[in-house]
Amino acid sequence: MLKQDVSEIRALIIKHKRRDLIFALCGLLALMVGVLTFAVLFIGMVIDGLPRISWEFFTHFPSRRAEHAGILSAWVGTTLVMLVTAVAAIPVGVAAAVYLEEYAPKNILTDIIEINVTNLAGVPSIVYGLLALGLFVYAFGFGQSILSAGLTLALLILPVVIVATREAIRAIPGAIREGAYALGATKWQTTADHILPYSAPGIMTGIIIGMARAIGETAPVITIGALTFIAFLPAPPVKGEFPFLNFEWLFSGFTVMPIQMFNWTSRPEAAFHQNAAAAGLVLVVMTLSMNAVAIYIRYRLRKNIKW
Amino acid sequence: MSSVLAEAATVVSDRLHRRASRHVKERVIETILFLSALFSVFVTLGIVWVLLSESIVFFQHVSVWDFLTDTQWTPLFDDDHYGIMVLLSGTLVSSAVALAVAIPLGTTIAIYLSEFAPFSLREVAKPFLELLGGVPTVVYGYFALLYVTPALQYLALTLFGYNLPGFNLLSAGLVMGIMIIPYVSSVSEDAMRSVPMSMREGSYAMGATRFQTAVRVVTPAAFSGIAAAYILGISRAVGETMILAVAAGMQPNLTWNPLEPAATITAFIVQVALGDLPHGSIGYQTIFAAGLTLMIITLGFNILGHLLRRKFRQAY
């Protein structure tokens, strides 16, 4: 009788172990769905797009004839828009994070700011486009310009920068602060000379991930009215005579990489789809390498720094 | 000797003296930092103000009742109708398809990575999933329209003899589901990994297998985090724009059938923005009313997520 019990239990164990194995296989399979989709997407774009990528592709304006079309105005537009985004989002985002981590008293206002940052991260990107359309384009009169687009994307990535910076600052042990205070440093001296330098790699990670997201964002930039067909470049930001800087480009019309790709994708001719694949390839390589750099920085950080 | 000491003491006490300039500088910097933090609140207020002010003008022209119950959406025709249900149906159907993909796959991946996977695999899989979430959505749209849709058309024709239209919610929804997997899996996994080891050990000590422990102990304990992950996925799906604008078509269509083409709220906004509507016209205001609807839906889900988290939060 006892023997029978034991064999029953053994059978039960085997059954349950089999379930373990089946689930582990399901998990791997689910992971493979993601991996395979990405592989098909990437390899497909390489096959369709790589033949179109050449020097001319980067130095030509878009054209009605697919084989002459290029992404000159798109990549110049993306670069300039990203410049505005970085200049606007990085100082404000880092300053806000420093305030919340180092300065903020525990009160209702701080709670409101914290909840608000979390909520902003969940707002759909196209709503930022509507905000910018009402505020930057019409109320402030910036028009459908590089400045409007850059500021829009800056608002969009602000929560990303704030959250990443806060995490980086939080990882610094309190002893560092106490050491600085003990030597008579003020709060700002402690922050500027110790907290910010030590958290710089973490902050960089957040900024890079935010910028990678901004480069790929299409919907908010379309909403403020970026053009899809642009065959001119904005005025160059540097000029020959004093003061050598030129800010006309800020108010210029523009297009960006994802919009150029969207435009080519939504055309019926297959030749333009090849252009879309090539533009998509450039875009994916850009965003993925930025993300990879960010992941690498974080990985090294985790490995090397032991407080 | 004593004079030297006295001199040193005065120098030191001078240095220790509270300097007004230093104090003022600290104050100014703190104020600047505070204003930066407060700026995010103004962004929210700006969103609310822009959406409400334009929508109020819109609702003077169209009654709220018509907006919610009309079954036609033809804002740019002479015979104009403004039934948001038409756009909402597209949004809901595509989101449902996306979640049907993302929630099972994302949860399975999360449980697998947190409870089953060897350390080395997890170290590779997590960054890879992050990369998957970093692909621009317009690229996913291209993929849905030019790869997934033809494949689905072929399948539908050979298996069911059905002619799938070139634009459909199914293909956009499937790809959107793949896009959302990393959001669901990474937040769920973080929640599961924060469940203390002692709970797993207790379960193993009772003779439970890994699978039983994962499903009956870890998952319920991490429920609040997993719910937050699902809510995040829903918000992403409802607010996603480019995949739908590219692959689902921009024709407003009141349908609950994922095999049909239909415009979503977001796709409609893109469509209007691509055209040239004069500022202040009723057509211009419709996109703000549509945006307000979108905002209310995502806000509703975010609040629901917050409540769920509060209700089921377990402190260890």
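This is a predicted model: local features need pLDDT of at least 70, side-chain atom pairs count only at pLDDT 80 or more; totals for chains, interfaces and linings use all residues.
Residues are numbered from 1 along each chain as its sequence is written, and chains are lettered from A in the order in which they are written. Local features need pLDDT of at least 70, side-chain atom pairs count only at pLDDT 80 or more, and totals for chains, interfaces and linings use all residues, while side-chain values use heavy atoms, with hydrogens and water left out.

In soluble globular proteins, nonpolar side chains tend to be buried together. A nonpolar core is here a set of buried Ala, Val, Leu, Ile, Met, Phe, Trp, Tyr and Cys residues joined through side-chain atoms within 4.5 Å. Buried means under 20% relative accessible area, exposed over 50%, and partly exposed in between (1.4 Å probe, protein chains only). The largest nonpolar core comprises 179 residues, and those with the most contacts inside it are Phe254(A), Phe262(A), Ile47(B) and Val139(B). The most is given to this core by helix H3 (residues 72-103) of chain A, which supplies 17 residues. Helices are DSSP runs (H or I, at least four residues), numbered from the N terminus. Contact means heavy atoms within 4.5 Å. Leaving aside neighbours within four places in sequence, Phe262(A) is in contact with Ile222(A) and with residues of chain B, among them Val138(B), Met242(B), Val270(B) and Leu274(B).

The contact between the two chains takes 78 residues from chain A and 72 residues from chain B. About 6,700 Å² is buried between them, and carbon and sulfur atoms give 79% of this area. Buried area is the accessible area (1.4 Å probe) that two parts lose on being put together, summed over both. Ten residue pairs are in polar contact between chain B and chain A, both residues being at pLDDT 80 or more. A polar contact is a pair of N or O atoms within 3.5 Å; within protein, one must be able to donate a hydrogen and the other to accept it, and residues adjacent in sequence count only if both atoms are side-chain atoms. On the side of chain B that touches chain A, helix H2 (residues 20-61) of chain B gives the most, with 19 residues. The residues of this side divide into 50 nonpolar, 15 polar and seven charged. In this division Ala, Val, Leu, Ile, Met, Phe, Trp, Tyr, Cys and Pro count as nonpolar, Asp, Glu, Lys and Arg as charged, and the others, Gly among them, as polar.

Over all chains, ten salt bridges are found. A salt bridge is a side-chain nitrogen of Lys or Arg within 4 Å of a carboxyl oxygen of Asp or Glu. One salt bridge is found across the interface of chain B and chain A. Arg298(A) forms a salt bridge with Glu130(B), the closest N and O atoms being 2.9 Å apart. Arg298(A) lies in helix H11 (residues 270-304) of chain A and Glu130(B) in helix H5 (residues 119-134) of chain B, so the pair joins two chains. Arg298(A) is partly exposed at 31% relative accessible area, and Glu130(B) is partly exposed at 36%.

Within chain A, the closest N and O atoms of the salt bridge between Glu114(A) and Arg166(A) are 2.8 Å apart. This pair links distant parts of the chain, 52 residues apart, with Glu114(A) in helix H4 (residues 108-121) and Arg166(A) in helix H6 (residues 146-170). Glu114(A) is partly exposed at 26% relative accessible area, whereas Arg166(A) is buried at 14%. Both belong to a network of salt bridges that also links Glu101(A) and Arg170(A).
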